[in-house]
Amino acid sequence: DLIKHFKIPEDNIKVIYLAADDKLYKPLSKKDIEQVLQKYDLKLDENRKYMLYVGSEHPRKNLPLLLKSIYLLRKKYDINPILIKVGAESHKRQHKLITELIEKLNLKNEITSIKNVLEEDLPALYNAADLFVYPSLYEGFGLPPLEAMQCGTPVITSNTSSLPEV
């Protein structure tokens, strides 16, 4: 983006990558995971698959696409995952759109939202998930997919902006 938008020569740019804390984001024991799940009153059904999303509701995060994808998994392929959505309701208009879409697609019982999660609890949520999903349209870097990968959780993300590099 610096080269494209500001016409800065590539030789003048040095890329310094972010990293997730490797002492925090790592595979955890079942006991450690269970303690955090209890803290947030999450009761996971061993017969269901769990997808995790960590981030805001900003329009560029592309949550409507994620919701429609869950709907299609249910209707077309008879796959019925639960989505654990971690993040604040950051945009009122977008939150209203997301809430209406959840209602319209009859996904109310398939989505658990947690607004405030302590950073030290995030690794347990990544570890508990069968899959981490991050359909963002644009990221400056995109740390959550890296955090998930460090916990050993498979990641599905967009093939745009910085995410393929992450």
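A pocket is an open set of points on a 1 Å grid over the protein atoms alone, with protein on both sides within 12 Å along at least five of seven lines; lining residues have an atom within 4 Å of a point. A volume is the space filled by probe spheres set on the points, which are joined across faces, edges and corners.

This is a predicted model: local features need pLDDT of at least 70, side-chain atom pairs count only at pLDDT 80 or more, and totals for chains, interfaces and linings use all residues. Residues are numbered from 1 along each chain as its sequence is written, and side-chain values use heavy atoms, without hydrogens and water.

**Exercise 1.** Describe the second largest pocket.

*Solution.*
- Step 1: take the volume, about 340 Å³.
- Step 2: find the lining. It has 16 residues; Glu 34, Leu 37, Leu 44, Glu 46 and Ala 128 are the closest to the centre.
- Step 3: name the elements. α2 (30-39) and α5 (122-128) each give two or more residues. Helices are DSSP runs (H or I, at least four residues), numbered from the N terminus. The largest share, five residues, comes from α2.

**Exercise 2.** Which residues line the largest cavity?

*Solution.*
- Step 1: apply the rule. In a cavity, a 1.4 Å probe fits but cannot get out.
- Step 2: take the volume, about 30 Å³.
- Step 3: list the lining: Leu 63, Leu 67, Leu 83, Lys 85, Ile 98, Ile 102 and Ile 111.
- Step 4: follow Leu 67. Not counting residues up to four places away in sequence, Leu 67 touches (heavy atoms within 4.5 Å) residues including Leu 83, Ile 98, Ile 102 and Ile 111.
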